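Grab a pencil and work through these exercises with the structure open beside you. Each task comes with its solution, step by step.

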Amino acid sequence: MKKINILQIRTATLILALFSVNMLLHAQTTLYQENCGTPTATTLIQNYTGWQNANVLYTGNGTCDVRTSSASSGYGLASGGGNVMINDTVKWFQISGINTSADTNISLYCGLRKTTAENGSNFVVEVSADSVQWQRIVLEDTLPSGTGTSGWYRVRFPGVISCPNLHIRFSNLSSAEYRIDDIALVVGEETVLQTVAKPTFSPAGGTYYEPKTVTISSATEGSTIYFTMDGSTPSTNSNLYQGPLTINNPVTVKTFAVHAGMYDSEVATASYVILDTNSLVALPLDLSTNSETGHQDITQMPGFRGYHLGSSYADGSVKFESSHAGEAMLIAHLDSAPDQLVFEMKGKNGGSNPSAYEGVSMEIAESADGQQWNSLMTLSENDISIEDFIRFNGITLNENTRYIRWKLLASTKGNTQLNNIAISKREEIPVDTTAILDYNSALVALYPNPTNAYLNVVSCGIDITSCILFDLNGQEVKSWNGPNYRKMSVSNIPAGMYILHIHTPEGMFQRKVVKY
């Protein structure tokens, strides 16, 4: 058997001990961290509510404040968002109440942004166990000075004391500007931390015609998500995301994700507008006035949902792009029993060559629920002229129809234009309100809503005597009597949410109105 002498044993033990010490020195334990949040504007230190750790005290002097400008995006460990600015000799920023008594070899790390001529020597960091006797800890490296060297740096201040109530004070010996972000107390050497993946929404924000169930998720496994629904910036004191959200009103959702040992994610924002039957088309409908606004987005026209349509032409016609054959469609929502459908259609070849428009198959269908469709007619290129609009009329609609769809089934070349849609209203036929897709089961509907110009009231077989608009404090804003309710101007009232009281012989209806 080979003998191992005592020297070899001692050498191996020493190497193992040194290796263990080295691993200890390079292992990271974060005792405290602060990313300075995302203030909505310049905010005084004492008034800022976005601090990560509610157990410590943050104080400042003068206009030493949290700012959004010059966000810390210029170095590898940046969290972005807010940062603390100190730009003269009478300002200071202090953090108090951190327990470091159980640890040694503590360093303070932070993101530091300086002006061009500074090298970091005028930036002062002091620590204290009692907030009376202060000890300065020195920047480990001298930062470059001179032209072109301004910006963010990740810096280290070793030698933080161990005590049950640590105070840290930042100040400036010059009138130059220093900014601080991503402060951390670390045992050993700091390692590069990952940033939590920015949350995503499903479905994405947008305008929808029915309430939506919205899921928020982060690609970082095990992360915790917080959110707000009032437009404010979320923090760990905000709503904890525990499952899908039901969105049935206009709302802006903001969210971010956190994970232990990682930097917080960026804030993600999604705005949702839910349009109910208040957005439906009043009959009779006529799209011929579309040209008044020129090229407009079909999806934003009251009562319409467009798919891959692009914008309308300058003459107001709706463009079906051949490149989206099979999925390009226009759906009109109706608010009551229709009678006859009229529309015009034309081919556009993009030039003088007739062969540039071919292979067209356009289906027009009706539906009571938007799910089951009954085909009314199918048009081909032989039915459509590239010279003039062809008028299609005398198309009888079922009284229960609430959706009409034009769908481009096939197209090889060119675009197809739809214009001058008119749908007449069926008279003297009782309206079965159960067939109307209105999750409020309303006999009275508004459109367009949200609105920024005017508001129409549509009733199903009942008279309207007057309409009165109130703000959310119950104060009357505006009123209309008699037939004036058919087109009520709201252009001169402030943006916001209101309640419309609609008076009828059957009683009073209330509807929410959003002015933007």
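**Exercise 1.** Find which residues Gly120 is in contact with, leaving aside its neighbours within four places in sequence.

*Solution.* Step one: contact means heavy atoms within 4.5 Å. Step two: with those sequence neighbours set aside, Gly120 touches Lys114, Leu139 and Tyr178. Strands here are DSSP runs of E, at least two residues long, numbered from the N terminus.

A note before moving on: this is a predicted model, where local features need pLDDT of at least 70 and side-chain atom pairs count only at pLDDT 80 or more, while totals for chains, interfaces and linings use all residues. Residues are numbered from 1 along each chain as its sequence is written, and side-chain values use heavy atoms, with hydrogens and water left out.

**Exercise 2.** Is Gly120 buried or exposed?

*Solution.* Buried means under 20% relative accessible area, exposed over 50%, partly exposed in between (1.4 Å probe, protein chains only). Gly120 counts as buried because its relative accessibility is 3%.

**Exercise 3.** Work out the strand order of the open sheet of four strands that includes E33.

*Solution.* Two strands pair if DSSP finds at least two bridges between them. Start with E33 (residues 466–471): six bridges join E33 to E36 (residues 496–504), running antiparallel, and Ser466 sits opposite His503. Five bridges link E33 to E34, again antiparallel, with Leu469 partnered by Lys478.
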